[in-house]
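Take a look at the fold below.

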Amino acid sequence: MSYSKALEAAGAKVLEFATFGSWQGEWVALVEYKGEVGWVQGSFGSCSHCDAFESEFGWGLDEESETEVQYQARLASFGESYLDGLMTTELTAKYFDQAAEWDTDSAGAAEWIRATGLSYQVQ
């Protein structure tokens, strides 16, 4: 899984990246993109049916069907889909606060997001 590589291929600088959960869960990244700093998030799973990255890319470049340039373009397009509208620290943490009612990893995620946002002085 390399959601961070997809974000970078799309032109974002990944400042921080973390996952919460084991074989399935949530990922969150603090990025700098088009002159702004903010958060993006998504989910991941353990197989190609429940993980968007694995479904799209499998185990990486298929040298029989595409070039490295084509792969990077596809990777950038995938990453761009997450970069439409960066979120604030509080909005991102609030998402995890709400999920904490049923997801034991979410409380820790919200804490990490707030602390990381403070260290980068991201609103």
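In helix α5, the residues S106, A109, A110, I113, T116 and G117 are buried. Buried means under 20% relative accessible area, exposed means over 50%, and partly exposed lies in between, with a 1.4 Å probe and protein chains only. The arc is taken from the directions that run from the helix axis to the C-beta atoms. An α-helix has 3.6 residues a turn, so residues three or four places apart point the same way. On the other side of α5, E111, L118 and S119 are exposed.

This is a predicted model: local features need pLDDT of at least 70, side-chain atom pairs count only at pLDDT 80 or more, and totals for chains, interfaces and linings use all residues. Residues are numbered from 1 along each chain as its sequence is written, and side-chain values use heavy atoms, leaving out hydrogens and water.

What covers the buried residues of α5? Among the covering elements are β1 (13–21), β2 (25–33), β3 (36–44) and α4 (89–99). Helices (H or I, at least four residues) and strands (E, at least two) are DSSP runs, numbered from the N terminus.

Now turn to α4. Here T89, T92, A93, F96 and A99 are buried. They cover an arc of only 115° around the axis, which puts them on the same side of α4. Their cover includes β2, β3 and α5.

Next come the strands. β1 and β2 run antiparallel, joined by eight bridges. Two strands pair if DSSP finds at least two bridges between them. The two form a hairpin, with three residues between them. K13 stands opposite E32 in β2.

Where do nonpolar residues gather? The largest nonpolar core has 18 residues, and L7, W27, V31, V40, F53 and L83 have the most contacts inside it. Such a core is a set of buried Ala, Val, Leu, Ile, Met, Phe, Trp, Tyr and Cys residues joined through side-chain atoms within 4.5 Å. β2 gives the largest share of this core, four residues. V31 touches residues including L7, V40, L83 and L86, not counting residues up to four places away in sequence. Contact means heavy atoms within 4.5 Å. A second, separate core of eleven residues includes F20, F96, A109 and A110. In soluble globular proteins, nonpolar side chains tend to be buried together.
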